[in-house]
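Biologist: I am new to this one, could you walk me through it?
Modeller: Gladly, let us take a look together.

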Amino acid sequence: MNNTTLDYYNHNAEGFTSGTLDVQFTAVQDRFLGYLAPGARILDYGCGSGRDSRYFLSKGYQVEACDGSEEMVKIATKTAGIAVKQMLFEELDETARYDGIFACASILHVPSKALPDIFRRLKRAVKKDGIVYVSFKYGTFEGERNGRYFTDLTEEGLQKIVTAADPAHPFVVVDQWISGDARPGRADEKWLNAILQ
């Protein structure tokens, strides 16, 4: 993630939280949890306000969470009630630790050329048959938008990156859907959601 994007979250942490913390997101959260056994270990990767971590904890899952923004980490620690780790995406260095990784509207801030490395890290961090949820704004735009860097993806774009990450044994896309933005007044913004295994 570039410094401009981190600066954005550090300077706008409170506003970002107020716009996302109470968004009704259970349809996506529960769809992800449907692939996991009760009590499974989840990494909330780029956890933002801690909304999803709090939900997964309330359902009895083991949750670890990280975010690159110092200010978001402070907020997420309060929201979720767990120690959230300050960590950049490219610092993920676990092997077969998680049953599931939830990367909700987070790695969309990574430039497309760096995404294959991130997917390799995600693949290494999940257990055999583990799952990863990712979401990107739908489209082909890449660059700065409203003070942050975005890589938008279509189904084809995601497949290309997943294949580039590990051509011999790529993630399998087990579930994929397009949704409207869950935030009030933004339903016309389309999102690509995918569950990889």
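This is a predicted model: local features need pLDDT of at least 70, side-chain atom pairs count only at pLDDT 80 or more; totals for chains, interfaces and linings use all residues.

Modeller: Residues are numbered from 1 along each chain as its sequence is written, and side-chain values use heavy atoms, leaving out hydrogens and water.

Biologist: Why is the pair of F32 and F102 called tilted?
Modeller: Rings of Phe, Tyr and Trp (its six-membered ring) pair if their centres lie within 6.5 Å, with planes under 30 degrees apart counted as stacked, over 60 as edge-to-face and the rest as tilted. The centres of F32 and F102 are 4.9 Å apart and their planes are at 55°, so the pair is tilted.

Biologist: What makes F32 count as buried?
Modeller: Buried means under 20% relative accessible area, exposed over 50%, and partly exposed in between (1.4 Å probe, protein chains only). F32 has 0% relative accessibility, so F32 counts as buried. F102 is buried too, at a relative accessible area of 0%.

Biologist: Which residues do ring pairs link into a cluster?
Modeller: The cluster holds F32, Y55, F56, F102, Y133 and W177.

Biologist: How do you know that the charged end of R31 sits over the ring of W177?
Modeller: The rule asks for NZ of Lys or CZ of Arg within 6 Å of the ring centre and within 35 degrees of the ring normal. The charged end of R31 sits over the W177 ring, 3.6 Å from its centre. Likewise, the charged end of R51 sits over the ring of F25, 4.4 Å from its centre.
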